[in-house]
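Subject: Structure handover

Hello,

Here is the structure I promised to pass on.

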Amino acid sequence: MRILLIEDDAEQAQYVLKGLREHGHAPDHAATGRDGLFMAVSEHYDLLIVDRMLPQMDGLAVITTLRASGKRTPAIILSALGQIDDRVQGLRAGGDDYIVKPFAFSELLARIEAVARRTTAGMESSVLRIADLELDRMAHSARRGGRPLDLKPQEYRLLEYLLRHAGQVVTRTMLFEGVWDYHFDPQTNVIDVHISRLRSKVDPPGASPLIHTVRGAGYCLRESEIA
């Protein structure tokens, strides 16, 4: 894993960096909160290890700033403050785990592995994709070919439903009950209107169509045309 350690205590930093390298990780180091924030924003890391009390910028402020900017890189907080209120404050600030100093490196390594397992499981369950279309349910965002899609709330719910049933034909009744939470009204064209608006964003001119109409049946999200 590529790990960023934000720690101002030089001796503590060398202890952690040495252990991480010995266990096959690739760590970088920042000695101030401001430098750590800059590195965390500008580079990709699999995990952050953040000391709570840092010069220039507090460790919790680093994490809350990252979370506010949309960065969800897992973060383990290191701190000499070990009261329950301190730990709760750290987790509520956006930390994924909290370790009280002094600590054994074996404990830190076990916490790293546990956070990595949780993060992997969360990514597998939160991201839905087909072809170059991707929807991230944790970030509540969607992209096509790397381009963000500006979706209204109902369009987002409709796209999520189609992605969860990718490759399957979904009927109007299924969409009404799954997206609008009420039963099918044969007199309304709300489904057609929302599908049309969603299609204009997901399938722009020049892109390979993903949303297909199945005559007499409903709709299907897939890479190729329905025969």
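This is a predicted model: local features need pLDDT of at least 70, side-chain atom pairs count only at pLDDT 80 or more; totals for chains, interfaces and linings use all residues.

Aromatic contacts

The count comes to two aromatic pairs. One of them joins Tyr15 and Phe103. Their ring centres are 6.4 Å apart, with 50° between the planes, and the pair is tilted. Tyr15 lies in helix α1 (residues 10-22). Phe103 sits in the loop between β5 (97-100) and α5 (105-126), so this pair ties together parts that are 88 residues apart in sequence.

How exposed are the two partners? Tyr15 is partly exposed, at 36% relative accessible area. Phe103 has 10% relative accessibility and counts as buried, because the limit for buried is under 20%.

Tyr15 also pairs with Phe105. Here the centres are 6.2 Å apart and the planes stand at 80°. Planes over 60 degrees apart count as edge-to-face, so that is the label for Tyr15 and Phe105. This pair also links distant parts of the chain: Tyr15 is in helix α1 and Phe105 in helix α5, 90 residues apart. Phe105 is buried, with a relative accessible area of 11%.

Taken together, Tyr15, Phe103 and Phe105 make one aromatic cluster.

There is also a charge over a ring. The charged end of Arg2 sits over Tyr45, 4.5 Å from the ring centre.

Nonpolar cores

Nonpolar side chains tend to be buried together in soluble globular proteins. In this model, the largest nonpolar core has 27 residues. Which residues have the most contacts inside it? They are Leu133, Leu159 and Leu175.

Helix α6 gives the most, with six residues.

Leaving aside residues up to four places away in sequence, Leu159 touches Leu133, Leu135, Ala142, Leu151, Leu198 and Val202.

Best wishes

Notes. Residues are numbered from 1 along each chain as its sequence is written. Side-chain values use heavy atoms; hydrogens and water are left out. Rings of Phe, Tyr and Trp (its six-membered ring) pair if their centres lie within 6.5 Å; planes under 30 degrees apart count as stacked, over 60 as edge-to-face and the rest as tilted. Helices (H or I, at least four residues) and strands (E, at least two) are DSSP runs, numbered from the N terminus. Buried means under 20% relative accessible area, exposed over 50%, partly exposed in between (1.4 Å probe, protein chains only). A charge sits over a ring if NZ of Lys or CZ of Arg is within 6 Å of the ring centre and within 35 degrees of the ring normal. A nonpolar core is a set of buried Ala, Val, Leu, Ile, Met, Phe, Trp, Tyr and Cys residues joined through side-chain atoms within 4.5 Å. Contact means heavy atoms within 4.5 Å.
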